[in-house]
Amino acid sequence: MSTTQTQQHTQGEPPDDTGAFAWLRALGPRGRRAFGGAFGGYALDSYDFFTLPLSMVAIAAYFSLDKGQTGLLTTVTLVVSAIGGALAGILADRIGRVKALMITVVTYALFTVLCGFAPNYETLLVFRALQGLGFGGEWAVGAILVAEYASARHRGRTLGFIQSAWAAGWALAVIVYTLVFQFVDADTAWRVMFWTGALPALLVVYVRRNVEDAPHAAEVRRASAERGSFAAVFKPPLLRTTLFAVLLSTGVQGGYYTLATWIPTFLKTERGLTVVGTGGYLTFLISGAFIGYLTGGYLTDRLGRKKNIALFAVLSALSVLAYSNIPSGANTLLLVLGFPLGFCMSAIFSGFGSFLAELYPTAVRGTGQGFTYNTGRAVGAVFPTLVGFLAESWGVGGALVFGAAGYGLAVLALLGLPETRGKELA
């Protein structure tokens with residue numbers, strides 16, 4: 001009997017493997033509370049991240065920034081997120097998943113709010129970098145927390161639903177952005193957007209009262225002498241896994257953050273859309289993203305982790321090329337293609353939570369997953385800055401093609417990693 005099944009019988013709830021929401025029933029009461037905390041944390045993590053890309057045009061105008069300086073705001077967030085992710089992973093292995101989750105949420109909320117008070121570009125750059133500490137750690141910790149409750153059979157789709165929280169937070173940010181920039185002067189509106197980043201503080205109260213680590217995983221973690229050890233993930237047999245997982249994460253996130261950072265600017269500056277028009281186009285993109293996360297979650301359990309990532313890496317690259325080369329004036333086609341673009345570039349992420357969790361043993365799962373995912377994010381963060389500089393001569397649309405190269409890198413990285421579908425966590 002699996003660990004998850006044992007937990008369910010202990011809680012008086014027999015496992016049920018049938019139906020569309022069998023994955024949710026299989027978590028058990030404690031697992032569902034953990035799911036709620038991780039989902040909320042990641043949604044608000046996404047919300048706080050997107051306060052910057054959505055406000056980027058206004059910020060650039062306010063501080064008189066060129067595109068390279070503007071792109072650097074995203075890059076420092078993602079680079080520092082590697083440090084935050086690694087630290088959060090170590091904390092998750094040493095003090096527990098739930099405590100580490102609360103620390104990451106408080107950190108990204110605090111520094112998002114402080115961004116709204118920045119008197120100059122340099123201060124904003126520092127606050128945004130520090131926001132990356134919490135931003136980098138939240139996903140890895142929350143994903144591990146839920147993965148250790150999930151059954152092997154349903155782990156892919158369970159973590160796919162956690163990943164879909166990113167689209168939910170993105171959608172909320174677009175709604176707030178549309179309202180704020182409609183009714184508040186642009187010079188103040190970008191500050192208001194950052195101030196709304198205080199919302200995650202409410203989630204911490206819920207997590208503190210209702211969420212706990214998976215009992216078996218907590219016992220294994222406490223009993224291990226090597227928990228939270230960087231050395232363990234950089235020596236055989238985990239060294240090869242760590243290197244290729246970093247490469248995989250770099251490719252996927254390099255492509256993704258190029259698009260997430262620059263599409264709002266592309267829609268405004270090169271397509272001439274208004275605030276409301278941009279929100280409408282992003283609605284198609286985000287709708288595709290949400291459905292993509294859910295679809296990818298199911299496919300990663302059906303096809304396997306590697307096939308799901310490879311499939312959507314190829315489709316994402318093709319979607320980027322199509323989207324960025326739509327003829328001028330064909331805005332209806334731009335609107336329609338936003339859905340498959342969002343779908344493909346999000347479905348590729350659905351297998352990440354389960355795949356990375358299954359690559360590492362319990363004692364160093366936080367360290368391994370936090371380091372590989374966020375180091376890839378940091379290296380991939382170079383992509384938005386390069387696009388910013390290339391946009392000066394190529395235009396934003398032309399430079400976006402550079403993001404497609406990241407997905408090719410991801411496919412190559414899969415050659416060095418094992419398939420883990422159906423693996424029990426130990």
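Ser 64 is exposed, with a relative accessible area of 63%; exposed means over 50%, buried under 20% and partly exposed in between, for a 1.4 Å probe and protein chains only. The residue is found in the loop between helix 3 and helix 4 (67-94), where helices are DSSP runs of H or I with at least four residues, numbered from the N terminus. Although Ser 64 is not a glycine, its phi is positive, at about 55°. The model is predicted: local features need pLDDT of at least 70, side-chain atom pairs count only at pLDDT 80 or more, and totals for chains, interfaces and linings use all residues. Residues are numbered from 1 along each chain as its sequence is written, and side-chain values use heavy atoms, with hydrogens and water left out.

The peptide bond that joins Pro 236 to Pro 237 is cis, with omega near 5°. Most residues other than glycine have a negative phi, and most peptide bonds are trans.

Residues in contact with Tyr 256 (heavy atoms within 4.5 Å) include Phe 50, Trp 166 and Tyr 407, not counting residues up to four places away in sequence.

Ser 319, in helix 14 (residues 305-324), is buried, with a relative accessible area of 15%.

Conventions. Helices (H or I, at least four residues) and strands (E, at least two) are DSSP runs, numbered from the N terminus.
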